[in-house]
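Please keep the sequence and the structure in view while reading.

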Amino acid sequence: NKEAAQRTVQETVVVLPKIDVAQASVREVSQEMLYTGTVEAQVVNKIAPQQPLRIKEIRFDVGDHVKKGDLLVKLDNSSLVQAKAQLDNAKKEYERTNELYEFGGASKSEWDARRLQYEVAQTAYNNLVENTTLISPISGIVTARNYDAGDMYGGQPVLVIEQIKPVKLKINVSEPLFAKVKKGMPVYITLDAYGEEVFKGKVARVYPTIDQATHTFQVEVTIPNQNERVRPGMFARVTLPYGKANNVVVPDRAVQKLMG
């Protein structure tokens with residue numbers, strides 16, 4: 001029996017599993033955080049007169065591009081003609097009084113009164129000019145139109161113009177990163193409308209205070225958007241790389257085998 005046992009031990013072969021050896025290393029790894037936000041126009045202008053005037057012409061519609069300085073809307077200018085006549089008369093009276101005053105033919109109080117009258121008429125005329133011809137203060141795209149020609153202006157903007165080159169979005173970043181996020185840092189954005197396509201942007205503004213309730217601070221990100229593919233209202237995911245740190249790195253093959 002003893003010899004049989006020895007023979008069994010000698011014939012037994014233990015097969016160990018093959019073990020792959022991979023050398024881990026310490027490398028600098030980019031530190032990133034993912035945030036979500038909604039795209040906004042860089043600037044939004046609501047085009048409207050200060051007075052309830054009748055609209056004579058609207059030159060642009062929703063979706064049209066406009067340039068800074070374009071004439072957008074013309075309103076009834078019948079009162080403008082009267083204001084111009086009053087301005088011309090006030091100017092003549094002021095110039096006449098000014099000549100008399102220089103030679104002692106008019107008192108200082110008379111000169112002051114004529115000058116004030118002229119300035120008031122000038123202001124009234126300029127105000128009417130601005131309110132009968134509405135000019136675009138920015139280059140952008142028309143996103144809303146609330147009237148047609150012939151309507152009386154009633155409070156809502158006649159047009160809404162949005163500047164979408166660039167666009168912006170705001171994210172709330174946790175307090176521990178306050179010292180690491182800087183103006184000008186690059187960011188990478190994906191949008192549900194374009195799948196996994198990545199858009200480049202940058203940090204345009206870091207708000208200087210921390211929200212006491214959430215312990216976050218606000219960061220404004222801009223996207224150049226020269227081709228205007230990114231539109232206000234789109235849902236965005238923002239990857240913010242905020243630095244590098246030394247991490248232990250294992251080769252991809254070793255990780256895949258460990259995962260099975």
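Is Asp-151 buried, partly exposed or exposed? With a relative accessible area of 31%, Asp-151 is partly exposed, because this value falls between the limits of under 20% for buried and over 50% for exposed. The model under discussion is predicted. Its protein chain contains four helices and 12 strands.

**The chain as a whole**

- The protein chain has 260 residues, of which buried residues make up 30%.
- Among the contacts in the protein chain with a separation of 6 or more, 73% are between residues 24 or more positions apart.

**Asp-151 and its surroundings**

- Asp-151 is located in the loop between E7 and E8.
- When its neighbours within four places in sequence are left aside, Asp-151 is in contact with Leu-53, Arg-54 and Ile-55.
- Although Asp-151 and Arg-54 are 97 residues apart in sequence, their C-alpha atoms are 5.8 Å apart in space.

**Ser-136, a buried loop residue**

- The loop between strand E6 (133-135) and strand E7 (140-145) holds Ser-136.
- Ser-136 has a relative accessible area of 2% and is therefore buried, since the cut-off for buried is under 20%.
- Not counting residues up to four places away in sequence, Ser-136 touches Val-66, Lys-67, Lys-68, Gly-69, Asp-70, Leu-72 and Ile-161.

**The nonpolar cores**

- The largest nonpolar core comprises 27 residues, and Val-173, Val-181 and Ile-189 have the most contacts inside it.
- At least two residues of this core come from each of strand E8 (159-174), strand E9 (186-191), strand E10 (198-206), strand E11 (216-223) and strand E12 (235-249).
- E8 gives the most to this core, supplying five residues.
- Another core, of 17 residues, lies apart from the largest one and includes Ile-55, Tyr-147, Tyr-153 and Leu-159.
- Ile-189 touches several residues beyond four places away in sequence, among them Val-198, Phe-199, Val-221, Ile-223, Ala-236 and Val-238.

**The packing of two helices**

- Helix H2 (residues 78-102) and helix H3 (residues 108-132) pack at an angle of about 155°, and their axes are 8 Å apart.
- This angle makes H2 roughly antiparallel to H3, because angles over 145 degrees count as roughly antiparallel.
- H2 and H3 form a left-handed crossing.
- The residues of the contact of H2 with H3 comprise 12 nonpolar, seven polar and eight charged ones.

Conventions. Residues are numbered from 1 along each chain as its sequence is written. This is a predicted model: local features need pLDDT of at least 70, side-chain atom pairs count only at pLDDT 80 or more; totals for chains, interfaces and linings use all residues. Side-chain values use heavy atoms; hydrogens and water are left out. A nonpolar core is a set of buried Ala, Val, Leu, Ile, Met, Phe, Trp, Tyr and Cys residues joined through side-chain atoms within 4.5 Å. Buried means under 20% relative accessible area, exposed over 50%, partly exposed in between (1.4 Å probe, protein chains only). Contact means heavy atoms within 4.5 Å. Axes are lines fitted to C-alpha atoms, for helices over the stretch in contact, and angles run from 0 to 180 degrees between N-to-C directions. Angles under 35 degrees count as roughly parallel, over 145 as roughly antiparallel, 65 to 115 as roughly perpendicular and the rest as oblique. A crossing is left-handed if the near helix is turned anticlockwise from the far one by less than a right angle, and right-handed if clockwise. Ala, Val, Leu, Ile, Met, Phe, Trp, Tyr, Cys and Pro count as nonpolar, Asp, Glu, Lys and Arg as charged, and the others, Gly among them, as polar.
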